[in-house]
Amino acid sequence: MSGQDFQSEVALKVVGPPRWTPEPDPRVPPGDPATLLTINGDGAVSAFSGKVEYGQGIRNGFAMEIADELDIAVDSVRVVLGDTALVPQDRGTTGSASTRTVGIQLRRAAATARQTLIDLAATRLEVDSGALSTREGSVVFGGGSKSVRYADLLSGHTLTVAVPDEVTLKNVGDFRVMGKPSSRIDAVSRVTGSAKYAQDVVIPGMLYGKILRPPSYGATLRQIDTARAERIGGVVSIVQDGDFVGVVAEREDVAEYAIEAIRARWEESRDTASDWNLPALLKERAGESVALREEGSLQSGFASADRVLESTYYVPYISNAQMEPSASVARWDGDDLTVWCANRGPFAERDSLAEMFGIDPKRVRVIAAEIGGSFGTKSPSVSHEAARLAKAVDAPVRVSYDRAEEFGWSTVRPAATFEIKSGVDVDGKIVSWDYAAFHAGENAFRGQRGADTPYDVDNVRISVAASESPLQAGSYRSLGGATNHFARELHMDEIAISMGIDPLEFRLRNLSHERLRGCLTAAAEAFGWESREKRPGVGYGIAIGYDAGSFTAQIVEVAVENQEARVTRVTVGFDCGLVVNPDGARNQIEGSIVMGMGTALWEAVEFDGGRILNDGFARYRVPRITDTPEIEVVFTGGDDVPSSGAGEPGIVPIAAAIANAVRDATGTAIEELPIVPRL
Amino acid sequence: MHLKVNDESHEVHVDAERTLLSVLRHELELTGTKYGCGEGNCGACTVLIDGEATRSCITPVTSASGRDITTIEGLADGDKLHPVQEAFVEHTAFQCAYCTSGFIMSSAALLDRNPKPDEEQIKSALSGHICRCGAYVRILKAVKSAAGEGDAG
Ligand code: FES
Ligand code: FES
């Protein structure tokens, strides 16, 4: 948060590209070389990454990796995240997979530092470096009886070393930290209230801004009268620039009153889209379909099928509804802009601010505050708004959204409609698979995640189209991954049921993917699938999924009664390769299950003609502690398989598993979410 | 107006219609208490007033005057964490932790009143809180272990 210069007394600096993959990967370019790790003259270790902490425990994960490679204590590693003036540029690659490529590179940087320290010690002691090892922040020699501290080795030096192509990392067996449960290094600040979120940032001379919101998306300002607002004591300025109107005041509550005192007339858009007609509209308003995969011949596949099934599925817009509403502080020093905010992509945010004000990105510094649990979005507009107001009044300004603004003006998870046509032969093997998805949002890429089927099929077409979105579609935990999986895994049950085959057996029959099979069989065994007990009002459902390089299978038990469905038990098979932090991974998976349960059972953004109708928690139901099921997680990944993400994959199959279980309990097929209002 | 917060007395000059949450966060700079909804629906703003878990976002500051207010910053005894804080650390009962102060305050109030709550009692005491990250499994374990049910997890 402070402008403290971490580089001041740096004795050893390790530089390199911010990311690394064993094979060059065109989708994840390594990035430009930058400082990855430093050790100061006093031995203090800092690591730098463009990633940000949003509750996934990334700070802890990186600290553990570095601590292990460098043989130091986890809590002695300072992990600097998301400050564009200090950390390597991360070109906005999001998702758990790229996090892993950063983590592994930090490990390699730490190993490079360790080797440098050993070499320094070898020169100083005039011994062969092979005779030296490291332990607790020191290089040890003489059979472990003597040691010299890193700080002593570095004193008087200023070294810069690059991470070489070949770096020897520690073996799994030598980890002291990774793979073992550990408390998060930031834990105490989280339970004592001292962690600072964007909503908490206060800087000297800061004023408070509030934005005048139109009644609906696409409305234009026709008339405005600010006279009454201007007279309120404590109001510094009313800023108007076209349809952008904001109040700057000495206190937040004053800014709120002032906004309410403004009289404005808006002309609302005539768009007739609503959550009622959206399922059909998404297809009607879709752009061109992109074929992600096309193999074999669908026609001959369907011709040879014993049975052909066709279904349509729909998932509504979902609100991120993160607990911390968006907030941002902006300060101008001449033409230099500093912004404290909670955005997952600080560099993208920096660039968009630079573009908005027509200045060089180098003049913009974005500092990511602790982020209050945003799996996907923090409205980027909040920083734009704060910067506009700050410029107009020539003083630092904080804009904090209230809950209704958060529901109404943050981005939402894209709604989507799916059409699936499948053909199966007499043996219950899928012979033809035609999958078409229509995701709301200008960006077709978003809807591609998870669209492809992991099941074996020779004749296949996977196509995804981006459709005009009446609401502002944005990111969410796992993006389109969760929605695509919902459609596919529901259809898998559709086929299984129509063929009279057990859903587990049907999946295994069509699945040769080893890691997914591993998850599925492990989950089935832990759950006791074979011995499940059929009782009235109780149902069981299965779904599998892949995301961010990881694989999962989930089995759930639900109880349906009086128009309510309750998830009572969830068993998860999960393969994310080597598990660096098992407790952290479990925490993420449990969170994904709970979050996904909300999307399955209750959540949907209701809107009509651009007006959000349920913009508060009283009208938008999210999971609570009383809804929480028993969750069991079984890790099935191999220790020799590189780690992949655990933050997002857990959410991808859960809604389908729940829907399949509700169908099992009620006998009625589910084609749309959320489930409970349709029971 | 007089406010007693975390055993310290403060004289504050504020409009009577302001909420306790706004005064705590803005005048006293106690930002550990969070704003989540401002409507009493999420629990993020929970503080103790005379030991009672209270939503500060819907509490007029006047009604808290002269009473004993405890916020998350005042729960620990110096460096010694409150058993509930201790348990939240041990079980990593959070992800982003934005909701955490609220959950901890309500749990502390519960244990004060009922040192051995059963699972249903814990759930019902915390049912007014939202954790969007879905850390409920952990939160439940942490509160159970703070209540001394041995290792619940
Ligand atoms: S902020 Fe008070 S209950 Fe949500
Ligand atoms: S930990 Fe993020 S909201 Fe609870």
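A salt bridge here is a side-chain nitrogen of Lys or Arg within 4 Å of a carboxyl oxygen of Asp or Glu. With that in hand, welcome to a few close-ups of this predicted model, in which a search of the whole structure finds 50 salt bridges over all chains.

**View 1. Glu405(A) and Lys210(A) meet in a salt bridge.** The N to O distance between these two side chains is 3.1 Å. Glu405(A) sits in helix α11 (residues 403-409) and Lys210(A) in strand β9 (residues 207-211) of chain A, so that distant parts of the chain, 195 residues apart, are linked. Glu405(A) counts as buried, because its relative accessibility of 7% is under 20%. Lys210(A), at 6%, is buried by that rule too.

**View 2. Arg388(A) pairs with Asp241(A).** Here the side chains form a salt bridge of 3.0 Å, N to O. Because Arg388(A) belongs to helix α10 (residues 381-393) and Asp241(A) to strand β11 (residues 235-241), both of chain A, the pair ties together parts that are 147 residues apart in sequence. Arg388(A) is partly exposed at 24% relative accessible area, and Asp241(A) is partly exposed at 45%.

**View 3. Asp15(B) and Arg251(A) join two chains.** Their side chains meet in a salt bridge of 3.6 Å, N to O. Look for Asp15(B) in the loop between β2 (8-11) and α1 (20-27) of chain B, and for Arg251(A) in the loop between β12 (244-249) and α6 (252-261) of chain A. Asp15(B) is partly exposed, at 34%, as is Arg251(A), at 26%.

**View 4. A network of salt bridges in chain A.** The linked residues are Asp68(A), Asp71(A), Arg114(A), Lys170(A) and Arg176(A).

Methods. Residues are numbered from 1 along each chain as its sequence is written. Chains are lettered from A and ligands numbered from 1 in the order in which they are written. This is a predicted model: local features need pLDDT of at least 70, side-chain atom pairs count only at pLDDT 80 or more; totals for chains, interfaces and linings use all residues. Side-chain values use heavy atoms; hydrogens and water are left out. Helices (H or I, at least four residues) and strands (E, at least two) are DSSP runs, numbered from the N terminus. Buried means under 20% relative accessible area, exposed over 50%, partly exposed in between (1.4 Å probe, protein chains only).
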